[in-house]
Amino acid sequence: MKKTWSLALTFVFALSLILTACGGKNNNDGASKDSASPSASAAPSESASPSASASSAPLKGEVKVMVPGGGNYLAYVQDTIAKQYMEKNPGVTVKVEQEPEGGQLTARIAAHDLPDVYVGVFGYQPAKFAKEKLIVDLKDMPGAPELFDRIAPQFVHEDFGGRYYVPWNATTQLMIYNKDLFREAGLDPEKPPVTFDQYLEAAKKISALPKRADGSKVYGDYFWNEALTWGGWYWTMKTQIYYNFNDAKYGLFNKMGTDIVFDKPEANMVEFLKFMKQAQSYAPMSSKDNDFFKRDKGMWLQFGYGWMANLKQAKDKPMEIGKDVGLAPIPVRKEGDTHWSTLDGRSLMIFKSNPEREELAFDFIKFMMDDKVNLESLKALAQLPTLKSLTGDPFFQTPDVKPFVDQLANVIPNETVPELDDVSNILLGEYTRAVLKGEISPEDAVKNAAEAARQKLKG
């Protein structure tokens with residue numbers, strides 16, 4: 001899964017470069033001639049929401065959907081959502097594929113062979129693709145106003161005056177910790193660390209535990225270091241820690257995205273790096289085949305709701321929240337501070353082709369946002385709702401899910417600057433030198449990253 005996500009991020013980078021040269025048109029234009037006319041739309045499903053199309057004209061055509069490599073996305077979208085949609089629209093064929101590996105995708109992009117619906121992430125991806133005029137402004141699509149009215153406002157964002165994605169689902173991140181290791185280290189499993197100092201103290205005690213029966217070392221915490229070359233996506237997996245060093249007042253960029261702000265002293269990026277260096281001293285250097293779920297790591301600050309499926313695959317037997325592991329907010333500098341986290345999720349975008357094909361793709365997106373269809377997908381894929389009508393569903397009040405829902409009160413959406421991916425790569429490169437390799441000081445890491453980032457923004 002990690003390899004696939006890595007390649008997915010490679011895809012995103014390569015896609016932007018090549019499609020810019022290609023002018024952003026895919027070669028689905030001809031194939032869509034048989035698709036429905038702009039006024040044609042699907043008959044409402046039994047669970048159809050008010051936004052569902054109402055024309056009696058049958059739909060015809062093809063929709064290509066590209067889904068993420070991680071989790072259960074391919075199987076679920078292909079075997080459930082696409083199947084249900086085609087049953088209701090026999091004239092439409094939905095083809096679902098996983099984000100391909102870099103080399104193979106490069107050849108496809110060169111041939112302008114793009115999906116109609118792309119399942120990306122919130123934040124920089126829609127902004128980047130919109131800036132490069134690769135994706136469709138969905139604001140004026142049939143039924144778009146009604147659809148966006150059904151979505152909670154915090155998930156709706158405009159880039160360059162347009163609405164370029166529909167927020168399919170959402171997630172946020174908490175700390176997960178191993179209760180058995182807490183007990184063994186003399187820590188109270190019902191009192192997880194609240195501050196960063198308490199976190200480091202707990203990590204030190206857990207790291208001092210003896211090796212396991214199979215000879216494996218016990219670590220106080222864990223970080224996904226193999227992902228440090230993945231750019232923007234992985235920075236969003238660390239941002240929640242950084243935000244709690246500046247009370248969520250500073251991200252990487254200013255509000256206009258015209259300059260970086262992480263080098264301001266009050267952003268506390270240096271303090272963040274110093275903490276990460278200490279925390280890393282209690283963590284394995286490599287995360288490959290060495291994850292939190294092997295039961296020999298004490299804490300992990302990057303646990304999103306979508307990772308729930310991994311608990312079932314834990315070493316020896318499934319981990320249970322409340323029994324084997326606990327959930328807690330990301331630590332803060334001092335008790336009483338607000339515990340911040342990030343707001344992430346999957347965004348549904350449409351690559352440009354022709355109006356008929358684009359409208360058919362949007363009809364498929366509306367089907368994905370149907371209340372019943374959407375709720376079942378959230379349960380299957382372990383994600384949080386973006387539709388107002390689903391936030392009060394009893395499923396999201398269960399002990400396993402409620403901590404994530406509660407955290408949504410204090411979250412910061414991913415930054416929407418198109419250059420976030422490039423700047424993240426610069427920053428994470430300096431992070432590697434300062435935190436993992438110890439080649440430079442945190443101060444120099446911030447200085448170097450800031451200079452390189454500003455050069456990148458100047459183009």
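I took buried to mean under 20% relative accessible area, exposed over 50% and partly exposed in between, with a 1.4 Å probe and protein chains only. Helices (H or I, at least four residues) and strands (E, at least two) are DSSP runs, numbered from the N terminus.

**Ground rules.** I am working on a predicted model, where local features need pLDDT of at least 70, side-chain atom pairs count only at pLDDT 80 or more, and totals for chains, interfaces and linings use all residues. Residues are numbered from 1 along each chain as its sequence is written, and side-chain values use heavy atoms, with hydrogens and water left out.

**Helix H4.** I started with H4 (residues 124-131) and asked how many of its eight residues are buried. Seven of them are, so H4 is largely enclosed by the rest of the structure. I listed the buried ones as Tyr124, Gln125, Pro126, Ala127, Lys128, Phe129 and Ala130. Lys133 follows H4, and its phi is positive, near 60 degrees.

**Whole protein.** I counted 16 helices and 10 strands. Of the 459 residues, 58% are buried. I then looked at contacts (heavy atoms within 4.5 Å). Taking those between residues at least 6 apart in sequence, 77% join residues at least 24 apart.

**H10 against H16.** For helix packing I used axes that are lines fitted to C-alpha atoms over the stretch in contact, with angles from 0 to 180 degrees between N-to-C directions. H10 (residues 269-280) packs on H16 (residues 442-458) at about 130 degrees, and the axes are 9 Å apart. That angle makes H10 oblique to H16; under 35 degrees would count as roughly parallel, over 145 as roughly antiparallel, 65 to 115 as roughly perpendicular, and the rest is oblique. From H10 the contact takes Met269, Val270, Leu273 and Lys274, and from H16 it takes Pro442, Glu443, Ala445 and Val446. I sorted these residues into six nonpolar, no polar and two charged. Here Ala, Val, Leu, Ile, Met, Phe, Trp, Tyr, Cys and Pro are nonpolar, Asp, Glu, Lys and Arg charged, and the others, Gly among them, polar.

**H2 against H13.** Next I took H2 (residues 73-88) and H13 (residues 371-381), which pack at about 160 degrees with axes 11 Å apart. H2 is therefore roughly antiparallel to H13. I found Tyr73, Tyr76, Ile81 and Gln84 of H2 meeting Val373, Glu376, Ser377, Ala380 and Leu381 of H13. By class this contact has six nonpolar, two polar and one charged residues.

**Aromatic pairs.** I paired rings of Phe, Tyr and Trp (its six-membered ring) if their centres lie within 6.5 Å, calling planes under 30 degrees apart stacked, over 60 edge-to-face and the rest tilted. The count comes to 33 aromatic pairs. Trp230 and Trp233 make a tilted pair, 5.9 Å centre to centre with 40 degrees between the planes. Trp230 is buried at 6% relative accessible area, and Trp233 is buried at 10%.

I also looked up Trp235 and Phe272, an edge-to-face pair at 6.1 Å centre to centre and 90 degrees between the planes. This pair links distant parts of the chain, with Trp235 in helix H8 (residues 232-235) and Phe272 in H10, 37 residues apart. Trp235 is buried at 2%, and Phe272 is buried at 0%.

Last, I noted a cluster linked by ring pairs, whose members include Trp230, Trp233, Tyr234, Phe292, Phe293 and Phe404.
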